[in-house]
Structures are given as C-alpha cells and as structure tokens.
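Subject: A structure for you to look through

Hi,

Here is the structure I promised to pass on to you. Have a look at it first, and then read my notes below.

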Amino acid sequence: MQRKIIIAGGGTGGHIFPAIAIANALKKIDANTEILFVGAKGKMEMEKVPQAGYQIEGLEIAGFNRSNMLKNLLLPFKILKSLGQARSIIDRFQPHAVVGVGGYASFPMLRKAQGKGIPTLIQEQNSFAGKTNMILGKKAKKICVAYDGMEKFFPADKLVVTGNPVRGNITQSSVTKEEALQHFGLQSGKTTVFAVGGSLGAKAINEALHPLLPAFVEKDIQLIWQTGKPYFDTAKAAASAYSSHVKVFDFINLMDFAYKAADVVISRAGALAIAELCVVKKPVIFVPYPFAAEDHQTFNAQSLVMKNAALIIKNDDAAAQLGNTLFSLVQNKALLEQLEQNIGKLGNSNADMVIAKQVMTLIG
Ligand SMILES: CC(=O)N[C@H]1[C@@H](OP(=O)(O)OP(=O)(O)OC[C@H]2O[C@@H](n3ccc(=O)[nH]c3=O)[C@H](O)[C@@H]2O)O[C@H](CO)[C@@H](O)[C@@H]1O
C-alpha cells in the first residue's frame, strides 16, 4: 500500500526543520511514501520545504497581530478560508495520516483531519505547549514530545517522549573542520566563533556583537555571524572593515558546516538549536529570547546550565557581558572541554526515526 502523509505547520525554522527531518525518516522507512507539506503563504516554509525536495501548499492563514490590531479584523475570515482550503487539500490528497509540527497551518489541517476521522500526530518541540497544540492534542492519536512533564498540557496516555528530530545532514555530517572553514572563507588553526540568533535572527546578539568586531581582529578570532534578515545590511556594512575575520550571513543553509567550523557557539535557546548543539557537542553561550511563550527559551537553556553543559547570558545583559564571557571562554581550555563533554551527553540523533515509526503505526 502506498502511504500518503500530510505534514502541516511552519512559521520558523524551529517548526520547519523538524518537519523535514520527520519526512526524510518516513521516506527512509518506505521510499514509496507520498508526502505533502502544508504551510502558511508568505512564511519561511514556502521556500525551505521545496529546497529540501518536498512539495508544499500554502494556506491563507496568519497569526494574531499584537502590533497592528486593524490587521486582526480579517483574521476570522482568514481562519474560515484556511479551513475550507484544508478541507479541499484533504479531499484531493486523501492522506492516511496528518502530522502537525506547530505553527499557523497546523491548526486548520489537523482540525479538518480529526473531523474526518483521519489519524493525527503532533510533534511538540518545546517544554511549554502552544495553545493550538493543546486544543489539537485532545483528538490527536499520539503526541511526540522532547521534555518530561508534558502531561500538564496533553492527555498522558497519548504522550511519547521521543526528543526533537534533528536533520540527518547535521546528525550524519561528514564535513571536516578544514572544509567547513574553507567554505566560509576562513583560515584553519584560528579560534572560530559561530553566532546564531535562531531562524529569524536575534537583535540582542547582533547589537552585542556589533561593537566587538575590532576585538575579534585584535585577538585573531574568526566569527561566522548569522544575523537574520532585519540586521543583515547593518551587519554587512559594519563588518566590511573586518572581513578577514568576520563573515556575515542573513541565514545559513549549511548549518552542519557552521557547527563544524566553530570552537564556540553563541545561540538563542530555541528547542531545535538546543537539540542540534547537543548532537554536534559544541560549547555554547545561550542568550535566550525572553518573549517566547512562558519564557520557555530561558527554561530550555537553564536545563543545560544546571548540568554544566552550557553558559547563559540574559537578553538584557548581552550588550554588557557577551564580550567578556566569550573572550574569557575561548581562552579557558578546561571549561571548553567540560562544556563539550557535558552537552554531548544530552545528544539524541534518532528522534526523527522514532517519530516516523509512530506515524507509520497510526496507519498500520
Ligand atoms: C522566537 C521564537 O519564538 N522562537 C521559537 C522558534 O524558534 P526558532 O525557529 O528560532 O528555533 P530553533 O532554534 O528551535 O530552530 C531553528 C532551526 O533553524 C535552523 N537554522 C537557524 C538559523 C540559520 O541560519 N539556519 C538554519 O538552518 C536551525 O538549524 C534549527 O533547525 O521555534 C522553536 C521551536 O518550536 C522555539 O523553541 C523557539 O522559542
């Protein structure tokens, strides 16, 4: 039997890349499986999913806009329209199961699938569940989670603790450090820092790094600086005088190369960033995004800090503390080794396959 599966959701890399990891694992189990992604028009998934070799359809759905209330007037119509679109996608594609990874498109797709009696599975990346996932969880068959204690949000009998699915090109990367450095136009044998602000970039990390650029050159330390789109032009202009040591990108497609090149990482504490850093075993300074729901990034980062597996700087302290913390860490071999060893113990490389098997079980 050819299995047909819809994977719905997106909005940020933290939803899209686990979705792609699950799709790849489903294909590994049975190459004949047909997979259709459903995302939200205009969002990052509409570009990243086709790049990964999968088909995607976009729904006309948006989230609640907190900064422009007028934009919310159309929201009820958009939700209704997207529910209609979801119904016609299901009628046309006839999926055997629908997987929700969170983000705008998850809700209409899973809601409609559940209404039609099609089995659904939710993959919740965070230690705090979003509201839509909690609603959808009531009728989902399985809920795959990465943290303990999720019965606060979901029916306990549906929970499976699988960990977050990390993409195979990160778990099975074969690139060498030299190749990775060369790819970024950097030199071997020099300490290299990779700064990454989650899939959208991080203002606080960018603003803290900006005045430190001369220090990178003085100390002969190289920097791969992922800025996100909004800060890219500013960063590019600022780095032009330091281009021997500082390489600026709005988004990194080859994350395995960036991780491999790095001796130290500065990162937001999104759930997937953490799962990946544990797999690639890199010493990291987290600067959690403080406005994520229930401040879950701080909670995520703290769980590693408590195990001496990472350092943390608060968002508001980044400008004042990032330079000192970073430059003293790169000189402290003992601490680097301790962080590397401890974070490495937390890595989980096969969550993608475990989740894919759960999806296949739903279909039978
Ligand atoms: C601001 C916010 O609300 N962020 C949330 C969002 O974050 P965000 O999308 O930033 O999340 P994560 O750190 O979890 O994942 C980022 C993903 O994008 C990839 N990547 C990132 C940068 C880049 O240049 N290239 C690239 O490929 C990473 O390898 C990773 O796979 O979803 C996560 C998972 O639900 C949540 O934990 C975060 O709190």
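In strand E11, Ile266 has Ala195 standing opposite. Strand E8 (residues 192–196) and E11 are parallel partners, with four bridges between them. (Helices, H or I with at least four residues, and strands, E with at least two, are DSSP runs numbered from the N terminus; two strands pair if DSSP finds at least two bridges between them.) On E11's pairing with strand E12 (residues 284–286), there are three bridges, and the two run parallel. Here Ser267 faces Phe286 of E12.

Before going on, please keep in mind that this is a predicted model: local features need pLDDT of at least 70, side-chain atom pairs count only at pLDDT 80 or more, and totals for chains, interfaces and linings use all residues. Residues are numbered from 1 along each chain as its sequence is written.

Back to strand E11 (residues 264–267). Val264 and Ile266 point one way, Val265 and Ser267 point the other way, and all are buried. A residue counts as buried if 20 or more other C-beta atoms lie within 10 Å of its own, as exposed if 12 or fewer do, and as partly exposed in between, with C-beta atoms placed from the backbone.

What is the order of the strands in the open sheet of six? It reads E10-E9-E8-E11-E12-E13, with parallel pairing. Strand E10 (246–249) and strand E13 (311–312) are at the edges with a single partner strand each, so one side of each has no neighbour in the sheet.

Another strand to find is E1 (residues 4–8). Four of its five residues are buried, so E1 is largely enclosed by the rest of the structure. E1 runs parallel to strand E2 (residues 34–40), and five bridges join them. The bridge partner of Ile7 in E2 is Phe37.

Now the domains. The protein is divided into domain 1 (4–166 + 349–363) and domain 2 (170–344), with bounds that come from an automatic or database domain assignment. Their centres, taken over C-alpha atoms, are 29 Å apart. Contact between them involves 16 residues of domain 1 and 16 residues of domain 2, where contact means that two C-beta atoms, placed from the backbone, lie within 7 Å. On the domain 1 side, the touching residues are six nonpolar, 10 polar and no charged. (Ala, Val, Leu, Ile, Met, Phe, Trp, Tyr, Cys and Pro count as nonpolar, Asp, Glu, Lys and Arg as charged, and the others, Gly among them, as polar.)

Where does the ligand lie relative to domain 1 and domain 2? Both domains give residues to the shell around the ligand, so the ligand lies between them. The shell has 25 residues, and the closest are Thr12, Gly13, Gly14, Gly198 and Gly270; a residue is near a molecule or strand if its C-beta atom, placed from the backbone, lies within 6 Å of it. By class, the shell holds 11 nonpolar, 12 polar and two charged residues. Helix H1 (13–29) and helix H12 each supply at least two of the shell's residues.

Helix H12 (residues 271–280) deserves a look of its own. In H12, 10 of the 10 residues are buried, so this helix is largely enclosed by the rest of the structure. Among them are Ala271, Glu276 and Val280. After H12 comes Lys281, whose phi is positive, near 60 degrees.

The UniProt record, an unreviewed entry, places a "binding site" feature at Thr12, Gly13, Gly14, Asn126, Arg167, Ser199, Ile252 and Gln297. These span 286 residues in sequence, and the farthest two C-alpha atoms are 22.5 Å apart, so they do not all gather at one spot. (UniProt positions are in the numbering used here, feature names are shortened, and annotations may be inferred rather than shown by experiment.)

Thr12 lies in the loop between E1 and H1, and is partly exposed, with 18 other C-beta atoms within 10 Å. Leaving aside neighbours within four places in sequence, Thr12 is in contact with Met44, Ser199 and Leu200. Arg167 lies in the loop between strand E7 (159–161) and helix H6 (168–171), and is buried, with 22 other C-beta atoms within 10 Å. Not counting residues up to four places away in sequence, Arg167 touches Phe17, Ile20 and Ala21.

Enjoy exploring!
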